[in-house]
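Hi,

Here is the structure I promised to pass on.

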Amino acid sequence: VIAAALSCDPSQWEFSCDFEVDYESNENASIVYAALAIDKELQPDKLKRQISVINGKLLVHFEAVEAGFLRASFSAFVDVLTLATKTIEQFGHGTEL
């Protein structure tokens with residue numbers, strides 16, 4: 001299950017997006033978290049990203065000052081997320097995602 005929503009906030013961080021992936025396993029969600037959390041945003045004054053794992057779900061919150069920064073970061077994040085998920089599917093402990 002993947003859900004994403006865009007919402008506006010009148011602060012400096014005008015654009016935001018919440019993203020959730022249900023891995024149905026804290027172990028798998030934590031593996032993906034570890035793969036993604038090490039990459040910090042290149043322009044933290046223009047884009048923020050928070051990642052957490054709760055009940056087997058990877059939860060991600062993005063905030064940006066411009067829509068372009070949000071789109072670029074979100075797109076790159078989803079590319080790495082897809083790679084990490086496919087790696088778990090291929091080499092994991094027999095757990096299907």
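Below is what turned up when I went through it.

One thing before the details: this is a predicted model.

**The aromatic cluster**

I'd start with the rings. The count comes to 4 aromatic pairs. One of them joins Phe19 and Phe74 edge-to-face, with the centres 5.1 Å apart and 90 degrees between the planes. Phe19 sits in strand 2 and Phe74 in helix 2, so this pair ties together parts that are 55 residues apart in sequence. Phe19 is buried at 6% relative accessibility, while Phe74 comes out as partly exposed at 22%. Phe19 also pairs with Phe77: the ring centres are 6.5 Å apart and the planes are at 90 degrees, so this one is edge-to-face as well. Here too the link is between distant parts of the chain, with Phe19 in strand 2 and Phe77 in helix 2, 58 residues apart. Both Phe19 and Phe77 are buried. Taken together, ring pairs link Phe19, Phe62, Phe74 and Phe77 into a cluster.

**Helix 2**

This helix covers residues 67-91, which makes 25 residues. From first C-alpha to last, helix 2 reaches 36 Å, close to the 36 Å expected at 1.5 Å a residue. Its buried residues include Leu70, Ser73, Phe77, Leu81 and Ile88.

Leaving aside neighbours within four places in sequence, Ser73 is in contact with Glu41, Leu47 and Phe62.

**The hairpin and two positive phi values**

Strand 3 and strand 4 pair in the antiparallel sense over 8 bridges. Within that pairing, Ile51 has Val60 in strand 4 as its bridge partner. The hairpin has 2 residues between the strands, and Asn55 takes a positive phi near 50 degrees there.

In case you run a backbone check, most residues other than glycine have a negative phi. Where is the other positive value I noted? Glu24 has a phi near 55 degrees, and its place is in the loop between strand 2 (15-22) and helix 1 (26-37). Are these two residues buried or exposed? Glu24 is exposed, with a relative accessible area of 71%, and Asn55 counts as exposed at 66%.

Cheers

Key. Residues are numbered from 1 along each chain as its sequence is written. This is a predicted model: local features need pLDDT of at least 70, side-chain atom pairs count only at pLDDT 80 or more; totals for chains, interfaces and linings use all residues. Side-chain values use heavy atoms; hydrogens and water are left out. Helices (H or I, at least four residues) and strands (E, at least two) are DSSP runs, numbered from the N terminus. Buried means under 20% relative accessible area, exposed over 50%, partly exposed in between (1.4 Å probe, protein chains only). The expected span of a helix is 1.5 Å times one less than its number of residues. Contact means heavy atoms within 4.5 Å. Two strands pair if DSSP finds at least two bridges between them. Rings of Phe, Tyr and Trp (its six-membered ring) pair if their centres lie within 6.5 Å; planes under 30 degrees apart count as stacked, over 60 as edge-to-face and the rest as tilted.
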